[in-house]
Amino acid sequence: MSTQFSHVLGVSKPNDLKNESLQRSELQKQKSLRRSNVLQTGSSFRPSSNGLNSSYGFQMSGSNGFIKNDDSISKSSRKIDMPSLSTTSPLLLANKCISNAIAKDNNTLPLNQVLTTYAIDSYNYKNGESLGPFTRFEKTNIYNIPDEILEQYSNSNNIKNMGLFTEIKKAWISIDNKLIIWNYESVIGEQDYFTIDEFTHPILTVKLVKAKKNVFVDSVNYVLLVSTSMDIHILAIEYTPKRLDISNTGMSVSTIGLMANKFTILKKTNEIFFTGIGDGENIWKLNYSNTEEWFQTKCGKECLTKSSIGDMSFAYKLLTKIPGVSTLTEPTINSASLNNKDNKTETIIQLEVDDSRNILYTLSSKSIIRAYRLKIVNGKTELGNRVFKAPLDILKELSTSTTNLQSPLLNRTKFKIISINIVSKQESDNLYLIAGMNNGSRLYINGSTTWGDRVTLTTVYIKFPPPDSKFFETVENLKKQQEQLQQNEFMNHAQTSNESDKMV
């Protein structure tokens, strides 16, 4: 929470000195005015006006020139004038309330303009201190993992993962080829968890998505995607607040060599897209239906970024039935290969869909952002032209500021993006993405979709992380020095005035 104060930090005059009439000469008044101007234009530390033990905001020299303040807008956006409830008719009262809400909304700056309005970042808290009622996170509940699950997870040296199904209020834990569904809100007498161990190969990841229409019975509202090292299985889920049923649909598709580990969905059509750590930056689509045709099974996959490689499941099944063919075995995988720490090959580490604009984004292990405009043709989704955003492009777009050029956080050799977060069209018309870096900085990326099926992306702003503890120590020392300096100046001025009075 940002707070503005009307005075710089200083020591207030004692009450007994306030009542004294000190006559200053014209020279003393000018000196006092010059000192006041120096304090106002230099570095200043502003305390909380409510007297609480709050943090101090740091204002750099000349920062007032970078901040655009419109008192009329700020006042109108904070204050809503309402007529008297006792003398106003309900219809007029409702009209006034709606008009005030519209006026407040019109006076609120769009999200992308807020970023450029305030040129200096202000983190209104101290390092290591709580914000009290203004804390960003609040602990509401604590759920203890059952001892049996925790023991299995800790003692296993195989591939293991875990995650949350927030839609159905469940958690999942995978240990090798075993999938555990844990009801973390269970009460005494209810079953805590159950295990699915019908998979043959190690489980890489699990994803819960909405089911397609007209494929399953109406009671099936979700499908559970279980990706193993060799295939993807589709399970049907019937969920109500009091019941959870998981059924095996018998649908699966071979993913030999892909090692699919990232899934996302387009909510308009419930189509599933995925990528694999074994297939570079390619994007695949998972298809499933309740009908089977001559050249199409109920479940299959389609590569959307290349056409030279098709579905190899049929060839694999055919080769395994030929006598003497035993060289086709399951690929060896481990946790290190999944994390891709020692592999220089570019892979996809995040896959996201902006449903408000029909854009699919990927973030690769080399900090490259790719964007594809999704086109829905005859009920099927296709990828439009690709937009390629490399680290060098982002650094060039941020080089317009001297602060950015000199910042060690934008070192070209250490530049690393670890996540991308979508800003929907309802939140901002121009701001499309917020990319998080490994050093805590955030990149704000504007976009446009005006040119056919192309997407344009431009990095317009960077927000640096909060300063470390050394910064706050420096702030405290400078604050104490400024307090002492102002107190000494005040005492010297009072002493000089008293001597002048005695002489008179």
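**Salt bridges, aromatic contacts and surface patches**

Lys-389 is buried, with a relative accessible area of 6%, where buried denotes under 20% relative accessible area, exposed over 50% and partly exposed the range in between (1.4 Å probe, protein chains only). The structure is a predicted model, in which local features require pLDDT of at least 70 and side-chain atom pairs count only at pLDDT 80 or more, while totals for chains, interfaces and linings use all residues. Residues are numbered from 1 along each chain as its sequence is written, and side-chain values use heavy atoms, with hydrogens and water left out.

Lys-389 forms a salt bridge with Glu-397, the closest N and O atoms being 2.4 Å apart, a salt bridge being defined as a side-chain nitrogen of Lys or Arg within 4 Å of a carboxyl oxygen of Asp or Glu. Glu-397 is partly exposed, at a relative accessible area of 24%. Across the whole structure, seven salt bridges are found. One of them joins Glu-302 to Lys-285, with an N to O distance of 4.0 Å; this pair links distant parts of the chain, since Glu-302 lies in strand 14 (residues 299–303) and Lys-285 in strand 13 (residues 284–288), 17 residues apart, with strands taken as DSSP runs of E of at least two residues and helices as runs of H or I of at least four, numbered from the N terminus. Lys-285 is buried at 3% relative accessibility, whereas Glu-302 is partly exposed at 37%, and both belong to a salt-bridge network that includes Glu-271.

Aromatic pairs, for which ring centres of Phe, Tyr and Trp (its six-membered ring) must lie within 6.5 Å, with planes under 30 degrees apart counted as stacked, over 60 as edge-to-face and the rest as tilted, number six. The rings of Tyr-143 and Tyr-184 have centres 5.1 Å apart and planes at 55°, so this pair is tilted. Because Tyr-143 lies in the loop between helix 5 (111–117) and helix 6, and Tyr-184 in the loop between strand 5 (178–182) and strand 6 (193–196), the pair ties together parts that are 41 residues apart in sequence.

On the surface, Asp-147, Glu-148, Glu-151, Glu-190 and Asp-192 gather in a patch of negative charge, patches being made of residues with over 30% relative accessible area and no salt bridge, with like charges joined within 9 Å and nonpolar side chains (Val, Leu, Ile, Met, Phe, Trp, Tyr) within 5 Å. Glu-151, in helix 6 (residues 147–155), is exposed at 52%.

Conventions
Accessible areas come from the Shrake-Rupley method with a 1.4 Å probe; for residues, only the protein chains shown count as cover. Lys and Arg count as positive and Asp and Glu as negative; His and the chain ends are not counted. The place of a charge is taken as NZ of Lys, CZ of Arg, CG of Asp or CD of Glu.
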